[in-house]
Each structure stands twice: as structure tokens, then as C-alpha cells.
Amino acid sequence: MGKYRIRVATGDSLLAGSSNLVQLWLVGEHGEKDLGKILRPIRTREVQLEVEVSLYLGRLLLVKLRKHKSLVGFDWFCKWIAVQGPGTQGEAFFPCYRWVQGNEIICLPEGTARTMRDDPQNQFKKHREQELEERRKVYRLKDLALKGTLDLTNSVRRLEDFSKVFPRGKTPLAEQVRNSWKDDALFGYQFLNGANPMLLRRSTSLPSRLVLPPEMEDLKTQLEKELQTGSLFEADFSLLDGVKPNVIIFKQQYVAAPLVMLKLQPDGRLLPMVIQLQPPRNGCPPPVLFLPSDPPMAWLLAKTWVRSSDFQLHQLQSHLLRGHLIAEVISVATMRSLPSLHPIYKLLIPHFRYTMEINMLARSNLVSEWGIFDLVVSTGSGGHVDILQRATAGLTYRSFCPPDDLADRGLLDVKSSLYGQDALRLWGAISRYVEKMVSLFYKSDGAVKDDPELQAWCSEITETGLQGAQDRGFPISLESRAQLCHFITMCIFTCTGQHASTHHGQLDWYSWIPNGPCTMRKPPPISKDVTEKDIVDALPGLHQARTQKTFIKFLGRRQPVMVALGQHKENYFSDPGPQAVLKQFQEELAALDKEIEVRNAGLDLPYEYLRPSMVENSVTI
């Protein structure tokens, strides 16, 4: 028996409090005590209570709570509960950080991270099992595949007329894009550091789909020369080949699957050498090859087709799939397989904030039937589902790990790949953070192999969430601390840096519509007799352009309350060790942020997308 002092912290937002009464229980190793309805968390502040308990509870294991509603139920955001009293050895900390809704009983375990091995007396066994059973009812993994407006009179007669839909809240880089979008150097730069830096790779041979007619022997010689010196690169959009294009208000739209060959100059500029807009077809004439020496409008139209194709793959493959949907797979598998006591759950949970919410919004407004893609994008009305399915089938583990991905794409030594430089440094910082955290809880490889919850989590991601991706390198079990660290680093980087690198650039690169058209309204050219009118007629109409501007402003906006990587305030660990490791991580991120800031000050086109202060701690938008 004895006196317990209880502190209860409510969230900081205006509506986080509740006028409903809250019932509390203290659960110790020797018993449980119902404290009754002793709390009314009306205000957004900390509440202190003192209670006498006539039973010696021993070491506290759990705090249970239930919010009772009277006539009206008001949700309550509980941050944490702290208890000091007999058997607590100071103050015991019980993290919550969730909304308390309805009237179900919520169990909050003491905040020390524990694997099943750390609970030899099975004091938490029943809680772990019940928690996961309840979560699995809520979180279910399914296939990644996802299941227009009036086309008003087009008043765009020349390219400059797209200024009518150029946003007032434009970024400085968007203004540079508008002024220089026709330049070959900016066209090539976007493959390195634009909104979609995931497609470019160094050529190891001339692509088999590139058809060079006899009269282009000089071009073949140039390509082979660049190939031999290691300066030949390619961007292949074959994933789009055969995708059924959209029909918007009875008007056919068009999709191409270009191949772009580029050369890396000694000064770091990446310049296009040739563009082939479609793969060769049996029984058809060879596809037209477009060259920088062609008439300016023909060359510009070919580059515009590439930019439209890049828009499709960026939004669907690089941004939605590799960012949002893979983060969702990791999040759902974590909720289904790891109880809140587990150290890896505590390590990962800050990186899932609002991910499910924003993904539900995308499903209902962006890629749903009659969503934005159906209304104004050339790959809508089913083509986008086809692309997502194709892209999912090609996902590899190495492509989610920048050191491996950049090596596979031949970009490790390309100094003008600012994305590559920053991705490697951010990956390194996250990796060191993860290694220190893992070392606190797993003292040997055997401890990793013998953790059934950890193994179930890994298997859930690979076999269920990614539909059997072990043949593409994803592990189905974790055999060592090194393998575990690499896998967790991949998870955190995917939910933070991977998404940031393909999210932040949208306002910069797509505000000027001709640099990233959401659709093309004329088929790819088969002639080089091209006028400005031909380009304007192929680009989105004014209404489509306005719609693109609207959803790009929404997708590309900064969060009003942004939590940067590693800066989360929720404290899921009560142990001092993890808190010290997090502080070291924050210090390393601050130093990296300063380094990038200094570098960017000397660049004509600063690369900001992977600055730690710009990278969100989770996929929230």
C-alpha cells in the first residue's frame, strides 16, 4: 500500500482536451488497482493527481485507461502518463501519443523497450498478443494496385500563354525553369537533380531498342565514343510502352515511351544527344530520331514529350509507389507485427505520422475513379493502374538503398549528381543512428534471429506487403545485426529522404506546364516539320493546365506544421540510452544541413530536397 503521484499530459492542439471523465487502472507485477473515474482532461496541459492504494502492486507494468462519454463523446489526445510511487524506482513513464476515442480500454506499457527475450517471466506476453490481435483487425495488407472535367475552349495560342496559369506563389527555381526550359542543359540537369532523379543510368552498351539508320553513322560513332569513355547515359521510359492512354471528355490523349541518350560533359553538364520517342515495331518503319541539330521546334517538341513521360513515371512510380505506398507497407506491417513495447516499433513509429491519412486522401482524390488522374492526366482511366502494377513487379531491395542504387546506375562518381551526394550522406547518418539504437537492444546476431516478432515483421513486409519480393532481394528473415540495421535504415530512408527527393521538386519543375505536361493531346511526331502551334496543340489545354497547377500546388506545398527528420517530440523510449542516441543523430543532421547550405550558396541551382531541415520525418503530404 502507499501513495502514488500521477501526471497526465494532454496534446498541445486546441481541441486535444476532453470534458469526458477518464478512468485509470494501475497494473503491477503483484496485482491491479482500479482508481476509478478520477480525471477530466479538459485543458491542453499536464494534470497531477495523488491517490492512495491499499494494495502493494510491486513494479508497475501497465497503466490502463478508458474515456467514458456522457451524452456527447469528445476525443482526447493523450501524450503520456507518468507515475511515481512504491515500486516505481523513481518515476515510471507510459507513452501514449494517440487519440483516445470511444470507450474501449487502452493499455499503456511502461516505456522501456523490450523484446520477448527481455521478458523471461512473460509479464507482458498477454499484452503483446492482445495488442497485435486488435491491430490486425484494423490494419490489413492488400495488393498495391489501385483501383473529365469540361474541356473548355483552349485559349492557348502560343507557348507564352501558359503564363496565365503560372502560379503567383512560384518558387525562385520555378522562375528559372520558366525562363530556361528550352535549354538542353536544364533538360539534362533534371535527370540528375530534378523531381525524378531515379531513372537515369550510365550506359554499359548501346540499347537494343535504339534503331540507328545507316545515314546516322556519325551519331553511332559519337555514341560509341562516349560509351568507351564512360560518359554515355540513358533514360529509358519503356515502362510506359503499351499503356492505354486516357480519353478525356471524348478526346483521345496520348502516351509515349521515349529513350533519351545523354553525354556527361567534363564540366558536369548532362546534355541530350538523341531522343527516340517510341520503341521499334515489327512491320513498321523505324521510329524517328530527334537530334539537337534538328529544327528548334522539332527538337523542343521531342524534349516536351520526354518531360510529359517523366511526369507520368515520377508521379506514379517514383513518388506514389516508391514513396507513399511502400511507406504504407512498412507502416502497416509494423502495426500488425510489433507491439508497442518492442524497440523497433518505438524506433520506427515517429516515421509513420499521418502516412495512412495522406494515402487515403490520394486514393480517394488522385488515383480513384473520376479522380485527378482520370480527369486530366494522359495515363488516367486505367493506364495508371497498369503502370503501378508493372512498377511494383520490378521493385528491388537494392533500388531502395542509395549506396546500392547509385552503384547499379553508375552514378556514384558523378559529382554533378547532387541528389546522389546528398542521398549517400543522409543514408549514412540514418545508418549510424540505427546501428547505435540496435546495439542497445540486440547484443548478438543470435538475439536478432531468435526474436519471433522481428522475424514476423520482416516476413510481413516482404511476403505479404510486397507480394513475395524475396526474388528481388528483399529479406524474408533477418539473420544478423548488420542485416537488421540495413533493413531498418532502408525503412527510415524510404519514409523520409526517398519521399522528400521526389516530393519537394514538384512546384519547382511542374509549375511551368510545358516543362512537365500532365497529358499530351496529339500523337508523338513522325516528322520534323514542326511549328510552335504544333507544340501548343499537343500540350494540355488551358483548363487541364489550370487543374495541373492546382493539384501540383497542393502536392508540392510545405506542411504548415512540419516535423523535420529526427526532430519528433514524442518520446517513446523511457530509457536514457535511446534518448542520447537520438540527440547525437540530431547533432549530425544539423551539421549535414549546414554543409549543404554552404554548398548551395555557391550554386546557380541549389539542391535543397535532401537537406535534413527540409526532409519530413514521415510521409505526410
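**Exercises on a predicted model**

At 44% relative accessibility, Val-72 counts as partly exposed, since that class lies between buried (under 20% relative accessible area) and exposed (over 50%), with a 1.4 Å probe and protein chains only. Residues are numbered from 1 along each chain as its sequence is written, and side-chain values use heavy atoms, leaving out hydrogens and water.

**Exercise 1.** Classify Arg-135 and Glu-131 as buried or exposed, and describe how their side chains meet.

*Solution.* 
- Step 1: Arg-135 and Glu-131 are both buried.
- Step 2: Their side chains meet in a salt bridge, N to O 3.1 Å; the term asks for a side-chain nitrogen of Lys or Arg within 4 Å of a carboxyl oxygen of Asp or Glu.
- Step 3: Because they sit four residues apart in helix α1 (residues 125-138), about one helical turn separates Arg-135 and Glu-131.

**Exercise 2.** Now try Lys-533: find its salt-bridge partner and its exposure class.

*Solution.* 
- Step 1: The partner is Asp-537, with the closest N and O atoms 2.7 Å apart.
- Step 2: Both residues lie in helix α16 (residues 532-538), four residues apart.
- Step 3: Lys-533 counts as exposed, at 52% relative accessibility.

**Exercise 3.** Find which residues are linked with Asp-422 in a network of salt bridges.

*Solution.* 
- Step 1: Start from the whole structure, where a search finds 35 salt bridges.
- Step 2: Asp-422 is linked in a network with Arg-425, Glu-595 and Arg-599.

Methods:
Predicted model: local features only at pLDDT ≥ 70, side-chain atom pairs only at ≥ 80, totals over all residues. Helix = DSSP H or I, 4+ residues; strand = E, 2+ residues; numbered from the N terminus.
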